[in-house]
Amino acid sequence: MSRVKKLQTLFKRYRRPGDIVFAWAVLVVSVFLLSQLMDQTAWRNGGKLFAQPRFWPAVSLGSMALFGAFHLIGSALSERIEGRWQEVWLWITSLEYAGWFIGYAFLVPYAGYLPSTILVAIALTLRVGYRKLSTLSIAALSAFIIVLLFKIFLKVKLPSGLIYESLPDGLRQIMLTYF
């Protein structure tokens with residue numbers, strides 16, 4: 001048995017579908033972030049190296065780029081497995097839920113925390129395929145309980161909605177205080 005390994009043997013590993021796309025994405029993002037380091041961080045003259053604001057971001061981004069390059073080399077040298085684009089499509093479809101969350105975050109300042117949470121909970125329940133009224137009611141109830149938990153028990157300060165301003169005086173005060 002030879003103790004000396006070839007470069008290809010050293011980096012060879014079991015590859016997964018879509019692995020090389022992921023490796024390229026990590027490397028491109030890390031190199032881009034590393035290229036922004038000089039503009040986004042500062043260097044103070046006379047300070048200790050480990051206390052410099054630029055030091056730890058440079059170490060982390062440099063490591064990310066280095067290991068991203070190793071991952072790309074390993075992916076390129078490993079045996080290809082079919083199903084790359086099915087895997088990539090799965091990643092892309094999972095971004096839909098990030099879009100739902102971003103839409104929810106945009107909706108809260110206008111519609112208020114309680115109506116937005118109930119609306120998004122019901123919409124997500126419909127999105128995943130549940131259509132029964134009892135299931136939609138449970139989703140709305142769980143959203144209501146989540147709002148109560150955050151606003152009353154945890155006392156989290158969340159923005160009230162612009163729609164609350166159009167409510168009658170007594171109801172507006174209750175909605176602004178508790179929901």
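Lys151 touches Tyr113, Val156, Leu158, Thr177, Tyr178 and Phe179, leaving out residues up to four places away in sequence. Contact here means heavy atoms within 4.5 Å. Lys151 sits in helix H7. Helices (H or I, at least four residues) and strands (E, at least two) are DSSP runs, numbered from the N terminus. Lys151 is buried, at a relative accessible area of 13%. Buried means under 20% relative accessible area, exposed over 50%, and partly exposed in between, with a 1.4 Å probe and protein chains only.

The model is a predicted one: local features need pLDDT of at least 70, side-chain atom pairs count only at pLDDT 80 or more, and totals for chains, interfaces and linings use all residues. Residues are numbered from 1 along each chain as its sequence is written, and side-chain values use heavy atoms, with hydrogens and water left out.

Tyr113 is one of the partners of Lys151. The two are 38 residues apart in sequence, and their C-alpha atoms are 9.3 Å apart. Beyond neighbours within four places in sequence, Tyr113 is in contact with Tyr104, Val108, Ile146, Val147, Phe150, Lys151, Leu158, Pro159, Tyr164 and Phe179.

Next comes Leu114, in helix H6. Leu114 counts as buried at 11% relative accessibility. Its C-alpha atom is separated by 9.7 Å from that of Lys151, 37 residues apart along the chain. With neighbours within four places set aside, Leu114 is in contact with Phe144, Val147, Tyr164, Met175 and Phe179.

Now take H6 as a whole. Its 15 residues, 113–127, should span 21 Å at 1.5 Å a residue. The end C-alpha atoms are 20 Å apart, which agrees. The expected span is 1.5 Å times one less than the number of residues. Which residues of H6 are buried? They are Tyr113, Leu114, Ser116, Thr117, Val120 and Thr125. Seen down the axis of H6, these buried residues fall within an arc of 165 degrees, so they line one face of the helix. The arc is that of the directions from the helix axis to the C-beta atoms. An α-helix has 3.6 residues a turn, so residues three or four places apart point the same way. The cover over the buried residues of H6 includes helix H5 (84–111), helix H7 (133–153) and helix H8 (169–178). Just after H6, Gly129 takes a positive phi of about 110 degrees.

H5 has 28 residues. From first C-alpha to last, H5 reaches 41 Å, close to the 40 Å expected at 1.5 Å a residue. Its buried residues are Arg84, Val88, Tyr104, Val108 and Ala111. They pack against helix H2 (19–35) and H6. Gly112 follows H5, with a positive phi near 95 degrees.

What makes up the largest nonpolar core? Its 10 residues are Tyr104, Val108, Tyr113, Leu114, Val120, Val147, Leu148, Tyr164, Met175 and Phe179. H5, H6 and H7 are the elements that give two or more residues to this core. H6 supplies the largest share, 3 residues. A nonpolar core is a set of buried Ala, Val, Leu, Ile, Met, Phe, Trp, Tyr and Cys residues joined through side-chain atoms within 4.5 Å.

The loop between H7 and H8 holds Lys155. Lys155 is exposed, with a relative accessible area of 60%. Its phi is positive, about 55 degrees, although Lys155 is not a glycine. Most residues other than glycine have a negative phi.

Elsewhere, His71 lies in helix H4 (residues 55–77). His71 is partly exposed, at a relative accessible area of 24%.

Finally, the whole chain. There are 8 helices and 0 strands. The C-alpha atoms fill a box of roughly 80 × 55 × 25 Å along the principal axes. The radius of gyration is 25 Å, whereas a compact globule of 179 residues would have one near 16 Å. That radius is taken over C-alpha atoms, and the globule rule is 2.2 Å times the number of residues to the power 0.38. Buried residues make up 24% of the 179 residues. Of the contacts with a separation of 6 or more, 69% join residues 24 or more positions apart.
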